[in-house]
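These are my notebook entries on one model. I set out what I looked up, entry by entry.

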Amino acid sequence: ALCYTFQQKEGICMSEKLAVLFPGVGYQIDRPLLYHSAKLARERGYEVCTVSYPPLPTGLRGKPERIQQAIELCSRAAAEQLSGIAPDQHKQLLFISKSLGTAVAAVCAARFSLSPQQVYYTPVENSFAYFRREGLVFHGTADPWARTEVVKNECRRLGLPLFLVENADHSLETADTLHDLETLHRVMARTAQYLDER
């Protein structure tokens with residue numbers, strides 16, 4: 001299987017190289033960004049696992065307070081699943097996250113004093129409150145969940161490299177399928193480069 005879901009504490013991967021996927025609310029691990037980045041990780045010898053969240057309310061977009069509540073709920077669930085990971089347990093640790101999951105990944109890294117490589121696909125604005133100075137950020141300039149100027153300013157403040165996709169939405173897609181496939185290739189190529197840097 002490409003990925004498996006943590007089964008409480010018993011599900012913690014024991015591999016020296018561990019990649020953890022943090023999905024978005026409606027963007028699961030079978031969607032292009034997470035599916036292909038997980039394959040990149042596996043090609044590099046990572047065992048790939050994914051955290052799961054409890055049911056979340058709908059209608060979060062444009063409501064920062066409700067997004068914050070969702071982040072806190074998901075972070076508690078993810079922390080329980082990751083509680084068996086020790087800072088020195090894995091030689092290489094990678095967190096790949098999407099949307100609201102980018103905040104969850106950052107919260108979990110801080111909570112357990114972990115220093116993973118972080119791939120942040122289309123973070124919501126709330127996520128930047130939790131980011132540290134490690135990671136790679138991807139953002140579409142037509143993303144309704146995060147204003148481009150906010151993303152640019154926050155990445156500049158934190159010294160995080162930013163990969164911008166012009167006119168792309170929260171899935172890094174546009175109305176042009178062939179263009180989106182080209183974009184996906186560029187995004188995965190940049191992700192692979194980042195994975196190979198460490």
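In which sense do β5 and strand β6 pair, and over how many bridges? I find that β5 and β6 (residues 136-140) pair in the parallel sense over three bridges. Two strands count as paired if DSSP finds at least two bridges between them. Helices (H or I, at least four residues) and strands (E, at least two) are DSSP runs, numbered from the N terminus.

Entry on sources. I note that the model is predicted: local features need pLDDT of at least 70, side-chain atom pairs count only at pLDDT 80 or more, and totals for chains, interfaces and linings use all residues. Residues are numbered from 1 along each chain as its sequence is written, and side-chain values use heavy atoms, with hydrogens and water left out.

Entry on β5. I looked up the partners of this strand on both sides. Y120 stands opposite V137 in β6. With β4, strand β5 pairs in the parallel sense over five bridges, and Y121 in β5 is the bridge partner of K98. I also recorded that β4, α3 and β5 form a right-handed β-α-β unit; right-handed means that, with the strands pointing away from the viewer, the path from the first strand over the helix to the second runs clockwise.

I then checked burial (buried is under 20% relative accessible area, exposed over 50%, partly exposed in between; 1.4 Å probe, protein chains only). Five of the five residues of β5 (residues 117-121) are buried, so the strand is largely enclosed by the rest of the structure. Q117, V119 and Y121 point one way, Q118 and Y120 the other. In a regular strand the side chains alternate between the two faces of the sheet.

Entry on S97. This residue lies in strand β4 and is buried, with a relative accessible area of 0%.

Entry on the cores. A nonpolar core is a set of buried Ala, Val, Leu, Ile, Met, Phe, Trp, Tyr and Cys residues joined through side-chain atoms within 4.5 Å. The largest has 27 residues, and F22, L82 and F95 are among those with the most contacts inside it. The elements giving two or more residues to this core are β2 (17-22), α2 (64-82), β4 (92-98) and α3 (100-111). Helix α2 gives the most, with seven residues. Apart from this core lies another, of 26 residues, including Y27, A41, I96 and V165.
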